[in-house]
Amino acid sequence: MPIFDTHAYLESYPIPGVNQNAEQVAQLCQQRGISNAVLFSQRALRVDPLAGNHLLKTMIDPHPSLFGAVVAHTSRVEASVQSVRDILGNKRFVGTLLTGANEGEPLHPLLSDEILLACRRYQKPIFISTPNAACVEVGLHLAKAYSMHRFVLLGMGGQDWQFAIAAAQQATNIFLETSGVLDLAKLPAALEVLGAHRVLFGSGSPYQDPMAVLGLLAEAGITAINLQRILFDNAVKLFGLAE
Amino acid sequence: MSAILDINTLFGPYPVANADLAIEKLLASMQQNSITSAVTYSTLGVLFDSNIGNNATHSACRENPSLLAGATLNPNNYFGDKASLQNLKNNGFKLVRLFPKTQGWKATSYAFRTLAQDLSAVGLPLMIQTEDAGEMSEFAQALGAYSAPVIFANVDVEEVAELIAVLKARPNTFVETSRLNGVGAIKAVADLAGADKLLFGSGTPYQPTTSALKALEFSGLSGEARAQILGANAHRILS
């Protein structure tokens, strides 16, 4: 069964030799049976959206199985909008990760307008990191305010995954990505409330080995057809890769 | 495959998970994944009352021979009853688990240092939940005179450099693997501090056993080193 990891990072990982370049990412994916992955640039997340996004584009270019997402900072609006305009039209870039000044803290919706408007013409999903309930609330707010966009809540709310499920219940343009805590209860709960069509497999690799998240899916009692949707079909459909 | 010992399992009500982690779920997961034995503790002991929790753990382990008892204590509720600590050992408890973040205390706490000093005479291994940068180093320093094994739990890849430094500096320190599932984390610890420092742990039934097993399977370590981590190291420490 093909597997699409919708949440992986490039560069700046504590252990040397892991995900520092696209070759290492591709090798990791191959070893674990991952057919495709969406990469986010840590350089763009932590220091420089313009340079980080462009470097990611260059790195993934020779690897057709790898895709990218533009990182856009609410604290670096001008550079982020420039990145969106430069890169998001590229077929290998499947969405935009909207982030605030500090990872783990909710971004401020007021500062997101310009970036979200810039993304509008590309009709590609918006990723938001949601390690906690506060970040989920911002995601829900944006999903309601920008109903033309589809939002992917990365990390599914972390320990507060029930908030993420509730948010997705309130806004049908929200999708949940499976990384975050390995709580055995969260996927059965999500599938019961939302069905399988708005859940995407993602690992947060290399911070979490994709095999660990696949282990969570393996023990969640998911039917084969739903598993295929979560592992691959939903991502292909959301990212418009079937055409 | 040789006998697998899971050093980190739990049972009982767990509001964070919004689930009752029944002992039956733990036993079923062990059976499904060929886990021969597991050290377990009652969540009641961490979240409510150590005595009630330890009684529940003792009963569960008496009824199920594949389960080994892990006691839970809270330094904030310790008033110097040394006999109660000795009783834990006499009643078959294999180690003592401490949860500073959940219970609201730190390595600098005199209550913790008093408890550790009194436990030192009993000689039971300690297993300490650490989640924040610097915590492991603080505990390693605070437990400098503790001669029984000290096992760090819930350590993730962001703390691997600190973990390796602590494991190398203190011969009696170890780590369980339930949160050590970042790519390359287990191998880095094994290569730089020694595979004998790693103990297989899963956090089951809150977390899936499969995740912990897969993270180890794909760690890049030899079959021999993995077998050591899956059982031999823990058997040696607990014997």
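Let's start with contacts: two residues are in contact if their C-beta atoms, placed from the backbone, lie within 7 Å. By that count, residues 24 or more positions apart account for 71% of the contacts in chain B with a separation of 6 or more. In chain A, 70% of the contacts between residues at least 6 apart in sequence join residues at least 24 apart.

Some ground rules before we go on. This is a predicted model, where local features need pLDDT of at least 70, side-chain atom pairs count only at pLDDT 80 or more, and totals for chains, interfaces and linings use all residues. Residues are numbered from 1 along each chain as its sequence is written, while chains are lettered from A and ligands numbered from 1 in the order in which they are written.

Now the overall build. Chain A has ten helices and eight strands, and chain B has eleven helices and nine strands; these are DSSP runs numbered from the N terminus, with helices being H or I of at least four residues and strands E of at least two. The C-alpha trace of chain A spans about 45 × 40 × 35 Å along its principal axes. For its 243 residues, a compact globule would have a radius of gyration near 18 Å, and the 16 Å of chain A agrees with that. The radius is taken over C-alpha atoms, and the globule rule is 2.2 Å times the number of residues to the power 0.38. Of those 243 residues, 55% count as buried, against 54% of the 239 residues of chain B. Buried here means 20 or more other C-beta atoms within 10 Å of the residue's own, with exposed at 12 or fewer and partly exposed in between; the C-beta atoms are placed from the backbone.

Turn to the sheet of chain A. Its eight strands form an open, parallel sheet in the order β1-β2-β3-β4-β5-β6-β7-β8; strands count as paired if DSSP finds at least two bridges between them. At the edges sit β1 (4-10) and β8 (199-200) of chain A, each pairing on one side only. Further in, four bridges link β5 (residues 126-129) with β6 (residues 151-154) of chain A, and I126(A) has F151(A) as its bridge partner.

Helix α3 (residues 49-60) of chain A lies across β1, β2 (36-41) and β3 (66-73), running at about 175 degrees to β3(A). Axes are lines fitted to C-alpha atoms, for helices over the stretch in contact, and angles run from 0 to 180 degrees between N-to-C directions. α3(A) also packs against α4 (residues 77-87) of chain A at about 20 degrees, with the axes 8 Å apart. Among the residues making the contact are L50(A) and N53(A) of α3(A) and S83(A) and I87(A) of α4(A).

Over in chain B, look at β4 (residues 67-72). Six of its six residues are buried, so β4(B) is largely enclosed by the rest of the structure. Both faces are covered, with L67(B), A69(B) and A71(B) on one side and L68(B), G70(B) and T72(B) on the other. Three bridges join β4(B) to β3 (residues 37-42) of chain B, running parallel, and T40(B) is partnered with A69(B). Another three bridges join β4(B) to β5 (residues 95-98) of chain B, also parallel, where A71(B) stands opposite V96(B).
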